[in-house]
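Please look over the sequence and the 3D structure shown below before reading on.

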Amino acid sequence: MPGPGRSSVGNDVVDLGRPEARNKAEDERFIRRVLNAAELAWLRSAPDPDQVLWMIWAAKEAAFKIVQKQDGGAVFAHRSYEVLPSSETRGTVEVRGGSNRGASIHVEWNATDLRMHCLALSGSADLKSIRADVSEIDHPAAARPPVRWSDRELLSARSAESLEARLLAKRLASDAGLGSVEIVREPRARRLGPPVLYAAGEAAPLEGWDLSLSHDGVFAAAALCPV
Amino acid sequence: MASDTKDGVTIEQVLEIIKPFVKNTAALENTTGDTRIMEDLGVNSARLVDIVLEFEDKFGVEIDNDSADRVQTLGDAVQVIQEKMK
């Protein structure tokens, strides 16, 4: 269960430009499925309900990515993950139910008109220690250096969007002085496991760093944190 | 496309509901029970909630959060719906 000690990072990006993201706060069945009573009240009092919906959504998703790392069998019931804002850009996610009840995870939002991005962090590290980036997939201005993917990377990256998120993570790792890395997700019983960093060609995972990947629509995101 | 039946619910029925949400339409050409709805078909997590709600309407079942979380592959979807229809 997330708590003090070893840090874990999660992140989630939502493309606010996708047609299905617009006016979703008016989808009563959807919001009742994923939000609890306090979150519904927050959304209904907001001048921009869609913005609040996707803030809450991204925080829950980012927090679950942390929980899942420490409990591979964790069940994700969105309403059991309560998002509590402490400011316009920061808050916590409290896990209210299931085997991870009591977990508390710090979150930080970074939004533009086009996308919502949320970072999540558990443990003793500071949110400022997270290296994160969001990119627009296939943006004409984006540089595309040739990338050589290993077989084990390609096995667990099933789309161009997931490769884009991995590319971002490789850049973050390089900037952090980790050199060339591979990023692998192993299958688990219920879903694919979290992304794991390996120094290129090494059999054992790289110690001391944790990684999170996300993509949605035209956006990819990655976050890297010392643990 | 795979043809798989579990006590009356077929992958084809499930796919008909999922298709409008699929981004990676090329993957629809070669689906099996192991096809992952999010990773292989390019469905995002919010749309997966919409899909579960559509399952409820189409099959007249109620899918609780624990069961919804089990819906990761097409085979999972068939199995969960079938369980709820009993």
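A residue is called buried when its relative accessible area is under 20%, exposed when that area is over 50%, and partly exposed in between, using a 1.4 Å probe and protein chains only. This is a predicted model, in which local features need pLDDT of at least 70, side-chain atom pairs count only at pLDDT 80 or more, and totals for chains, interfaces and linings use all residues. Residues are numbered from 1 along each chain as its sequence is written, chains are lettered from A and ligands numbered from 1 in the order in which they are written, and side-chain values use heavy atoms, with hydrogens and water left out.

- B:Thr73 is buried, with a relative accessible area of 11%, and lies in the loop between α3 (65-69) and α4 (74-85) of chain B; helices (H or I, at least four residues) and strands (E, at least two) are DSSP runs numbered from the N terminus.
- Leaving aside residues up to four places away in sequence, B:Thr73 touches B:Gly33, B:Asp34, B:Thr35, B:Arg36 and B:Ile37, where contact means heavy atoms within 4.5 Å.
- A polar atom of the side chain of B:Thr73 lies 3.2 Å from the backbone oxygen of B:Gly33.
- A:Val52, in helix α3 of chain A, is buried at 7% relative accessibility, and, again not counting residues up to four places away in sequence, it touches A:Trp42, A:Leu43 and A:Ala46.

**Where chain A meets chain B**

- In this pairing, 25 residues of chain A are in contact with 22 residues of chain B.
- The area buried between the two chains is about 2,100 Å², of which carbon and sulfur atoms give 42%; buried area is the accessible area (1.4 Å probe) that two parts lose on being put together, summed over both.
- On the chain A side, A:Arg29, A:Arg33 and A:Arg158 lose the most area to chain B, together 34% of what that side buries.
- Five salt bridges are counted between chain A and chain B, a salt bridge being a side-chain nitrogen of Lys or Arg within 4 Å of a carboxyl oxygen of Asp or Glu.
- One of these salt bridges joins A:Arg29 to B:Asp57, with the closest N and O atoms 2.8 Å apart.
- Another salt bridge links the side chains of A:Glu161 and B:Lys23 (3.2 Å, N to O), and this pair crosses from helix α5 of chain A to the loop between α1 (11-18) and α2 (45-59) of chain B.

**Salt bridges within chain A**

- Over all chains, the whole structure holds 21 salt bridges.
- A:Arg96 forms a salt bridge with A:Glu82, the closest N and O atoms being 2.8 Å apart; A:Arg96 lies in the loop between β3 (90-95) and β4 (104-111) and A:Glu82 in strand β2, so the pair ties together parts that are 14 residues apart in sequence.
- Of these two partners, A:Arg96 is partly exposed at 41% relative accessibility, whereas A:Glu82 is buried at 12%.
- A:Glu153 is buried, with a relative accessible area of 1%, and forms a salt bridge with A:Lys170 at 2.8 Å between the closest N and O atoms.

**Cysteines**

- The count of disulfides over all chains is zero, a disulfide being a pair of cysteine sulfur atoms within 2.5 Å.
- The sulfur of A:Cys118 has its closest cysteine sulfur in A:Cys225, 14 Å away, which is too far for a bond.
- A:Cys118 is buried at 0% relative accessible area, and A:Cys225 is likewise buried at 0%.

How values were computed:
Polar contact = N/O pair within 3.5 Å; in protein donor to acceptor, adjacent residues only side chain to side chain.
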